[in-house]
Amino acid sequence: MIPLPLARIAEITSGALSGMADPRAVVRGPVVIDSRAVEPGSLFVAFRGARVDGHDYAAQAVRAGAVAVLAGRPVEAPAVIVPDTTAALAELATAQAASLPNATVIGVTGSAGKTTTKDLLARLTARIGPTIAPAGNHNNEIGHPLTVLKAGLDTRYLVLELSARHIGNIADLARIAPPTIGVVLNVGTAHIGEFGGKEAIAKAKGELVEALPRTGVAVLNADDPLVHAMATRTDARVTLFGRGEHAAIRAEDVVADERGRASFTLRTPSGAAPARLRLYGAHAVDNALAAAAAGYELGLPVAAIAEELSAAEPRSRWRMEVTDRPDGVTIVNDAYNANPDSMRAAFETLAVLGRDRRRFAVIAALRELGEDSEALNTEVGRLAGAGGLTGLIVAGPDAGPVLQGAHAGAEQAQRGGPPGTPLPRIVHVPDAQAAAGELGPWLRPGDVVLVKGPRAMGLERTAELLLGGAGR
């Protein structure tokens, strides 16, 4: 972060120095919320969580090198005491963002694909200047300001994810680091239980384009009607990406290899170039186009954009990680999170990658679907049951609708298939470890396994155990 004395941090956050804190002491290192991540010169921010209270680790953080603690109550260490550490963290990040002399802020939102798009875009911007982007998906009221605070005076690009669980969340995040370019990928069913419908989700995602200045650029998905319609909600210039001819940045002649990796011609208003993705799944094309559109607006030549997209590999863990075991079993670890749309995309990828192979899947009931939970989880189960699998394992609680849908989908596929079409083996287990223990003996060389579920289930552990416990 940009170095700041404690007196200035207290001024920005309306805090009070405590615990013999030296007002002239300067925070030069990272701002962290985990005492184990403290480095010399850090500022440790103490949050009270459901299971752990960061205030209990204040003294430990200072012993590890933190200059002080940003705390909600007095602690046994030098501290800046504030009424609300979440609000104070946002205020500190807002002040830091305002002091960046040459930084262009790019915001990315959508129901699915944010992290992959952010990773691709950060790769593009790094080609033309120092770039800060979050590791993984630090995209909420804590992760977002922490990412902003990583920027320094030399930062040229801040590539940020913005997520929402409620109306107003994205607007709040955009006020911390006002974006010049806003990328909206799609409006799907993630968190639909929190919002109550796709129209409300579109309203929330559109807060990003509403935050853009007149001199900014809204990068919108032309193939998603709810996203395309956001063009009316901004004074910024609009650039469309997509598959059709009406998109300024588009993919032509898309083909997929036997592993589900797409090749296409990247078409822009100033020319075209071939791109061959190393990312898996047809949905990766849309993410690549969104990143390409933003990169094009920053002045990158189309050949350079295509070159970077073609070289990019997954940067954030547990998102379509495809690993071949020594015995020829392929594990597709897409376990970071799941919603109905991303689950459908994952099974489409499995169908391509597993063509002419025995296919298995480990899934779990989806969360945060509200009153639609039973119907949507039944549909997820039906999708899996009808997906031509040899075996399906459903892990965790609340699995009834998924299992019911899986059996119904399997029976329907059997009736519509050729004579002798077998039913998949469908089993329910309590957790990720049990899933690996159940599935392991089923597998033989050449099989392919998809592992995908909500974050709370931690199904990456299933993939790691199937790979021998090491993960990737």
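The notes below follow the order in which I looked things up.

I began by noting that this is a predicted model. For the overall fold I looked up the secondary structure, which comes to 17 helices and 22 strands.

Next I turned to the dimensions: the C-alpha atoms fill a box of roughly 80 × 55 × 45 Å along the principal axes. The radius of gyration is 24 Å, which agrees with the value near 23 Å that a compact globule of 472 residues would have. I also noted that residues 24 or more positions apart account for 65% of the contacts with a separation of 6 or more.

For the surface I found an accessible area of about 19,500 Å², of which 50% belongs to carbon and sulfur atoms. The mean positions of the 47 positive and 50 negative charges are 3 Å apart.

Then I went to the interior, where buried residues make up 54% of the 472 residues. The largest nonpolar core has 56 residues, and those with the most contacts inside it are L6, I9, V31, L43, L220 and M230. Helix α3 (residues 85-98) supplies the largest share of this core, six residues. Apart from this core lies another, of 39 residues, among them A122, Y157, A273 and A294.

Last, is S35 buried or exposed? S35 sits in the loop between β4 (31-32) and β5 (43-45), and I record S35 as buried because its relative accessible area is 11%, under the 20% cut-off. Beyond its neighbours within four places in sequence, S35 is in contact with F44, Y57, Q60 and A61.

Note on methods. Residues numbered from 1 in each chain as written. Predicted model: local features only at pLDDT ≥ 70, side-chain atom pairs only at ≥ 80, totals over all residues. Heavy atoms only, no water. Core = buried A, V, L, I, M, F, W, Y, C linked by side-chain atoms within 4.5 Å. Buried < 20%, exposed > 50% of the residue type's maximum accessible area, 1.4 Å probe, protein only. Helix = DSSP H or I, 4+ residues; strand = E, 2+ residues; numbered from the N terminus. Contact = heavy atoms within 4.5 Å. Rg over C-alpha atoms; globule rule 2.2 N^0.38 Å. Areas by Shrake-Rupley, 256 points an atom, 1.4 Å probe, with all protein chains shown as cover. Lys, Arg positive; Asp, Glu negative; His and termini not counted. Charge placed at Lys NZ, Arg CZ, Asp CG, Glu CD.
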